Amino acid sequence: MDLSFVGKESGMNVLLIGGGGREHALAFKVAQSSLLDELYIAPGNPGTVRHGRNVDLDLNDHAKLRSFLKEKNIRIVVVGPEGPLVEGIHDRIADDPELEGRVTVIGPRKEGARLEGSKDFAKEFMFRHNIPTAAHRSFEKGQVKEALEHLKVMTPPYVIKADGLAGGKGVTITSDIREASSVVKDMLEGKSFGAAGERVVIEQFLNGLELSAFLITDGTSFKVLPAAKDYKRIGAGDTGPNTGGMGAVSPAPFADKDFMQKVHDRVMAPTIRGLRKDGIRYSGFLFIGLMNVNNEPYVIEFNVRLGDPETQAILPRLRSDLLDLFEGIATGTLSECHIDVDDRTAVTIVLASEGYPGRTGKGEPIGGLELVRDAYVFHAGTALKKDQLVTNGGRVLSVTAFGKDLEQAIASAYRSAGPIAYEGKYMRSDIGHDLVRTPGPKSGSVQKV
Ligand SMILES: Nc1ncnc2c1ncn2[C@@H]1O[C@H](COP(=O)(O)OP(=O)(O)OP(=O)(O)O)[C@@H](O)[C@H]1O
Ligand SMILES: [Mg+2]
């Protein structure tokens with residue numbers, strides 16, 4: 001992309017796609033950049049209006065998207081969630097002759113997005129490039145018998161994953177072979193998750209400490225971003241159903257320098273090399289779900305976008321200019337960019353509505369935000385009714401606070417989240433506590449099939 005027109009004197013216009021807490025944190029970070037001119041967020045939320053203009057854009061109507069990109073002279077499109085990437089929005093924009101390649105998309109093309117869009121594809125990729133991950137077998141429609149036979153030779157717990165995107169609900173872990181068999185059967189017979197479940201990945205259970213690692217790449221070089229640990233379960237002590245995420249801590253104390261070096265050498269570098277070797281163009285973020293087993297990294301999954309709520313913890317720690325990194329992607333000069341990270345610890349607490357991850361109410365007035373002093377508040381499920389801020393979803397807000405150490409960051413985050421009030425407010429009471437008690441990796445195990 002010819003970037004001569006965006007010399008330092010004239011900023012660049014950016015379109016950010018999405019409307020959750022992750023996108024608010026991205027908008028907050030992009031708005032700090034001296035390279036920015038105009039920021040548009042589609043659809044955004046009541047929090048993102050502080051950093052740019054929320055716009056109502058039908059992403060599936062390419063003609064409308066094209067004219068918006070031209071009219072607003074958009075140079076960078078940042079895609080927050082995975083859906084549009086798996087559907088090929090990058091390809092549509094990059095291959096559009098009318099846009100003459102003037103728009104850089106942060107997020108992979110359809111082919112690269114398969115790393116998240118298909119768990120089977122990701123496993124085959126890892127196997128091909130010798131990236132450490134749990135052993136697996138995949139089965140598709142018509143192979144119910146083989147799949148059930150395979151379960152019989154495995155040792156529980158059984159890890160069963162729908163191949164396609166399932167909104168974070170496609171994974172079942174159970175030690176009960178009858179439950180495992182019926183989950184597999186329902187998936188392969190298309191009774192649960194539809195097409196996403198018609199191919200199933202059955203893999204070995206990894207017993208260790210889980211964390212999320214992130215990188216940004218221009219397809220040739222990559223830069224490591226801060227890692228984080230998130231809290232997926234709804235209840236304290238990791239109880240209850242999985243959610244989109246109830247909190248995050250960055251850095252993850254059990255991911256020390258030595259461990260992160262292994263992640264760099266055995267997972268990140270082989271992944272970027274493997275993509276190039278397979279001729280898969282990949283530019284954007286890569287979120288690697290990892291398990292730390294006896295201080296050895298194993299890949300659980302790839303996500304081709306930043307995580308939510310991890311983004312709300314890692315971006316406030318990033319001191320580097322995010323648009324500078326995006327410009328590095330646009331010009332293929334990311335290797336010259338520098339990543340500078342705040343050493344302090346960040347803790348993010350998600351404030352949800354009663355009933356989440358099931359059905360929740362909406363429209364409850366939100367108060368107390370003006371009382372928040374030393375923390376960032378990122379909006380997700382909020383809306384404006386006249387001028388009153390109200391709840392508008394399962395995950396409503398996330399609060400991120402810093403501390404010179406984990407204990408201080410936890411205390412500051414809960415102190416800030418406390419005064420925020422609305423009917424049905426729910427938050428986990430123990431974000432980060434487990435890491436204070438037992439900072440280092442426990443003795444984990446890789447179960448033999
Ligand atoms: N092999 C495994 N061993 C142990 N736990 C696992 C394994 N695979 C997955 N898990 C657990 O299941 C959770 C969901 O699995 P995974 O991340 O693959 O699915 P997902 O639906 O893509 O989730 P996300 O919404 O985070 O993208 C993981 O966060 C982890 O806690
Ligand atoms: Mg995933």
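Trainee: Which way do the residues of strand β15 point, and are they buried or exposed?

Mentor: In this predicted model, Gly247 and Val249 point to one side of β15, residues 247-250. Ala248 and Ser250 point the other way, and all of them are buried.

Trainee: What does β15 pair with?

Mentor: Strand β12, residues 222-230, runs antiparallel to β15 and is joined to it by two bridges. There is also an antiparallel pairing between β15 and strand β18, residues 345-353, over four bridges.

Trainee: Which residue stands opposite Ala248? And what is the bridge partner of Gly247 in β18?

Mentor: Ala248 has Asp230 opposite. For Gly247, the partner in β18 is Ile349.

Trainee: Let's switch to β9. How many of its residues are buried?

Mentor: Four of the five residues in β9, which spans 199-203, are buried, so the strand is mostly covered.

Trainee: Where does β9 sit in its sheet?

Mentor: The sheet is open and has four strands in the order β6-β9-β7-β8, with antiparallel pairing. Its edge strands are β6 and β8 (171-174), each pairing on one side only. From one strand to the next, the twist averages 20°.

Trainee: How many bridges does β9 make with β6 and β7?

Mentor: Five bridges link β9 to β6, residues 136-140, in the antiparallel sense. With β7 there are four, again antiparallel.

Trainee: I keep looking at Tyr158. Where is it found?

Mentor: Tyr158 is in strand β7, which covers residues 158-162.

Trainee: And why does Tyr158 count as buried?

Mentor: Its relative accessibility is 5%, and Tyr158 counts as buried because the cut-off is under 20%.

Trainee: What does Tyr158 touch, leaving out residues up to four places away in sequence?

Mentor: Its contacts include Leu151, Thr172, Ile173 and Thr174. Ser175, Asp176, Ile177 and Ala180 are also among them.

Trainee: How far is Tyr158 from Leu115?

Mentor: Their C-alpha atoms are separated by 22 Å, and the two residues are 43 apart along the chain.

Trainee: Zooming out, how many helices and strands does the chain have?

Mentor: There are 13 helices and 24 strands. The radius of gyration is 22 Å, close to the 22 Å from the globule rule for 449 residues, so the chain is as compact as a globular protein of that length. Along the principal axes, the C-alpha atoms fill a box of roughly 65 × 50 × 45 Å.

Trainee: What share of the chain is buried?

Mentor: Buried residues make up 57% of the 449. The accessible surface comes to about 18700 Å², and 49% of that belongs to carbon and sulfur atoms.

Trainee: What about contacts between residues 24 or more positions apart?

Mentor: They account for 71% of the chain's contacts with a separation of 6 or more.

Trainee: Last one: what is the mean pLDDT, and where does pLDDT stay under 50?

Mentor: The mean is 94, and 95% of the residues reach 70 or more. pLDDT stays under 50 over residues 1-9, where the model has 15 contacts beyond four places in sequence. Residues 440-444 also stay under 50, with twelve such contacts. Where pLDDT is low, the predicted coordinates should not be read in detail.

Notes
Residues numbered from 1 in each chain as written. Chains lettered and ligands numbered in written order. Predicted model: local features only at pLDDT ≥ 70, side-chain atom pairs only at ≥ 80, totals over all residues. Heavy atoms only, no water. Rg over C-alpha atoms; globule rule 2.2 N^0.38 Å. Buried < 20%, exposed > 50% of the residue type's maximum accessible area, 1.4 Å probe, protein only. Contact = heavy atoms within 4.5 Å. Areas by Shrake-Rupley, 256 points an atom, 1.4 Å probe, with all protein chains shown as cover. pLDDT = per-residue confidence, 0-100. Pairing = 2+ DSSP bridges. Axes fitted to C-alpha atoms, helices over the stretch in contact; angles between N-to-C directions.
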